[in-house]
Amino acid sequence: MGITNDKITVEVDSKSSQAGELHMAQLENGLSSKDVAEENQCATLRHDAVAKVWTDVLLVGASTPKKTSITVNLPANANRQHLSLVTFNQNHQGNILHAVELTVCL
């Protein structure tokens, strides 16, 4: 994973025994919002693992190595100390084959 200016680039070297789709999202933790509805008594609501950016799906073939890189643009208003990237590989039946979360260290 490399970080340059407002972009994170991840090198993908994938090989799976099943065909599927590789998904990646940039998450932000530690967000909050002031609820103006009376149902929450105007409380401040805290949010973690908010998906701010999703990448295009990368198709992964069964037993076929896939080497590429994916670049994610960081939102200008993101708190960089609370960012992470999550990837997961999902087969065509909807089963998650593996998942990884990486904290972004800036």
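Which residue takes a positive phi in the hairpin of β9 and β10? Gly 94 does, with a phi near 95°, and the hairpin has four residues between its strands. The model is predicted, so local features need pLDDT of at least 70 and side-chain atom pairs count only at pLDDT 80 or more, while totals for chains, interfaces and linings use all residues. Residues are numbered from 1 along each chain as its sequence is written, and side-chain values use heavy atoms, with hydrogens and water left out.

**Strands and backbone**

- Strands (E, at least two residues) are DSSP runs numbered from the N terminus.
- β9 and β10 run antiparallel and are joined by seven bridges; two strands pair if DSSP finds at least two bridges between them.
- Thr 87 has Val 100 in β10 as its bridge partner.
- Most residues other than glycine have a negative phi.
- Ala 49 is not a glycine, yet it has a positive phi of about 55°.
- Ala 49 is located in the loop between β5 (44-47) and β6.

**The largest pocket**

- The largest pocket holds about 220 Å³ of space.
- On a 1 Å grid over the protein atoms alone, a pocket is an open set of points where a 1.4 Å probe fits, with protein on both sides within 12 Å along at least five of seven lines.
- Its volume is the space filled by probe spheres set on the points, which are joined across faces, edges and corners.
- The pocket is lined by 14 residues, of which Val 10, Val 12, Leu 22, Thr 87 and His 98 are the closest to its centre; a lining residue has an atom within 4 Å of a point.
- Two or more lining residues come from each of β2 (7-14), β3 (20-28), β9 (83-91) and β10 (96-103).
- β2 gives the largest share of the lining, five residues.
- The lining comprises nine nonpolar, three polar and two charged residues. Ala, Val, Leu, Ile, Met, Phe, Trp, Tyr, Cys and Pro count as nonpolar, Asp, Glu, Lys and Arg as charged, and the others, Gly among them, as polar.

**The aromatic pair**

- There is one aromatic pair in the structure; rings of Phe, Tyr and Trp (its six-membered ring) pair if their centres lie within 6.5 Å.
- The ring centres of Trp 54 and Phe 88 are 6.4 Å apart and the planes stand at 85°, so the pair is edge-to-face. Planes over 60 degrees apart count as edge-to-face, under 30 as stacked and the rest as tilted.
- Trp 54 belongs to β6 (residues 50-54) and Phe 88 to β9, so the pair links distant parts of the chain, 34 residues apart.
- Trp 54 is exposed at 52% relative accessibility, whereas Phe 88 is buried at 18%. Buried means under 20% relative accessible area, exposed over 50% and partly exposed in between (1.4 Å probe, protein chains only).

**Individual residues and their contacts**

- Contact means heavy atoms within 4.5 Å; the contacts below leave aside neighbours within four places in sequence.
- Thr 55 lies in the loop between β6 and β7 (58-60), is buried at 18%, and is in contact with Met 24, Ile 70 and Val 72.
- Val 50, in β6, is partly exposed at 26% and is in contact with Gln 26, Leu 27, Glu 28 and Leu 31.
- Glu 11, in β2, is exposed at 61% and is in contact with Thr 68 and Ser 69.
- Glu 11 and Thr 68 are 57 residues apart in sequence, but their C-alpha atoms are 6.1 Å apart in space.
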